[in-house]
Amino acid sequence: MLEPWALGVFTSVDAGLGAGLAAVRELGAPSVQLHAPSPESRGRAAEIREQFAAAGITVTVVFCGFEGESYDDIPTVKRTIGLVPEATYAERLAETKAISDFAAALGVEAIGMHIGFVPEEADDPVFARVVAAAQEVCDYCAGHDQRFHLETGQETGPALLNFFQAVNRPNLAINFDPANMILYGSGEPIEALRLVGSYVRSCHCKDATWSDQPGVTWGAETPLGAGAVGIETYLRTLHEAGYHGPLTIEREISGPDQIRDIRGAVDLLTELRAKILG
Ligand code: MG
């Protein structure tokens, strides 16, 4: 059982489970969110489960990622991410179910995904198709007693709420990422969190600065505390929403700077957690 606001790190095992685990242990984080490994590695679920258990680390969410996705720029994201693109939708839906099976084999209670840029108009046929896909994923996950977490970022708070109401499944939840809303220029994250807070079951602790052309070009990701999110206000708003699940640090760079920045985030979150929760 994890403590309230247990620290977590977003991690991957594709580069070798040992290395990823060693870094997480060194950082002292008791939980991780895991990027879904390749189909080949997913066959080693029992071994992966054993290694996390032996390290005393809880995997809280397995995140879906798909072949052909690209975050190069905002138009590319619109074209390639999640269950929105028509050409890959059926195969990605099948792979999502396989990832749900893998998460179940790890004993993990949730899978997560960037579902893609969902059109905001309810009469758009793509909206109906993505709603149906989300329902199908939720119902499949329910068979494993799992939740399906949507990563925020590409939509405004009201659009996300509207999508939730259309999907209408009790095991649909939000992985709230405040930095994504700034990076994509989709609205003030704290305001959105106040709107959708009751659906949040996991979150990312990530920071960013706004683009000078929001929604057209990316903002810039920064170390936690150096961007525009306002991390203390973010945590206080999560607290008000009743969210005390893991605080999962996400820093989307690689190499020694990533470890340095994650360590800084661990320190900042530890300090704020003590200040807010006492
Ligand atoms: Mg994120």
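Helix axes here are lines fitted to C-alpha atoms over the stretch in contact, and the angle between two of them runs from 0 to 180 degrees between N-to-C directions. The model is predicted, so local features need pLDDT of at least 70 and side-chain atom pairs count only at pLDDT 80 or more, while totals for chains, interfaces and linings use all residues. Residues are numbered from 1 along each chain as its sequence is written, and side-chain values use heavy atoms, with hydrogens and water left out. Helices (H or I, at least four residues) and strands (E, at least two) are DSSP runs, numbered from the N terminus.

**Helix packing**

- The axes of α10 (residues 231-240) and α11 come within 10 Å and cross at roughly 50°, which makes α10 oblique to α11; angles under 35 degrees count as roughly parallel, over 145 as roughly antiparallel, 65 to 115 as roughly perpendicular and the rest as oblique.
- The crossing of α10 past α11 is right-handed, a term for the near helix being turned clockwise from the far one by less than a right angle, with anticlockwise giving left-handed.
- In this contact (heavy atoms within 4.5 Å), α10 contributes Ile231, Glu232, Leu235, Arg236 and His239, and α11 contributes Leu268, Leu269, Leu272, Lys275, Ile276 and Leu277.
- The residues of the contact of α10 with α11 divide into seven nonpolar, one polar and three charged, where Ala, Val, Leu, Ile, Met, Phe, Trp, Tyr, Cys and Pro count as nonpolar, Asp, Glu, Lys and Arg as charged, and the others, Gly among them, as polar.
- Helix α3 (residues 45-55) packs on helix α5 (residues 89-106) at an angle of about 45°, their axes being 8 Å apart, and the two are therefore oblique to each other.
- α3 also passes α5 in a right-handed crossing, with Ala45, Ile48 and Arg49 of α3 meeting Phe102, Ala104, Ala105 and Leu106 of α5; these residues divide into six nonpolar, no polar and one charged.

**Magnesium site**

- The magnesium ion has as protein donors Glu151 (OE), Asp177 (OD), His204 (ND1) and Glu250 (OE), which lie 2.0 to 2.2 Å from it; donors are N, O and S atoms within 2.8 Å of the metal (3.2 Å for Na, K and Ca), and sites may look incomplete because water is not among the atoms.
- Glu151 lies in strand β5 (residues 147-151) and Glu250 in the loop between β10 (247-249) and α11 (256-277), so this pair ties together parts that are 99 residues apart in sequence.
- Both Glu151 and Glu250 are buried, meaning under 20% relative accessible area, with exposed over 50% and partly exposed in between (1.4 Å probe, protein chains only).

**Individual buried residues**

- Ala29, in the loop between α1 (17-27) and β2 (31-35), counts as buried at 6% relative accessibility, and its contacts, not counting residues up to four places away in sequence, are Leu7, Gly8, Val9, Val24 and Ile57.
- Cys138, in helix α6 (residues 125-142), counts as buried at 0% relative accessibility and, leaving aside neighbours within four places in sequence, is in contact with Phe148, Val167, Arg169, Asn171 and Leu172.

**Positive phi values**

- Most residues other than glycine have a negative phi.
- Asp145, in the loop between α6 and β5, has a positive phi near 55° and is exposed, with a relative accessible area of 70%.
- Asn168, in the loop between α7 (157-167) and β6 (172-176), has a positive phi near 55° and is exposed, with a relative accessible area of 58%.
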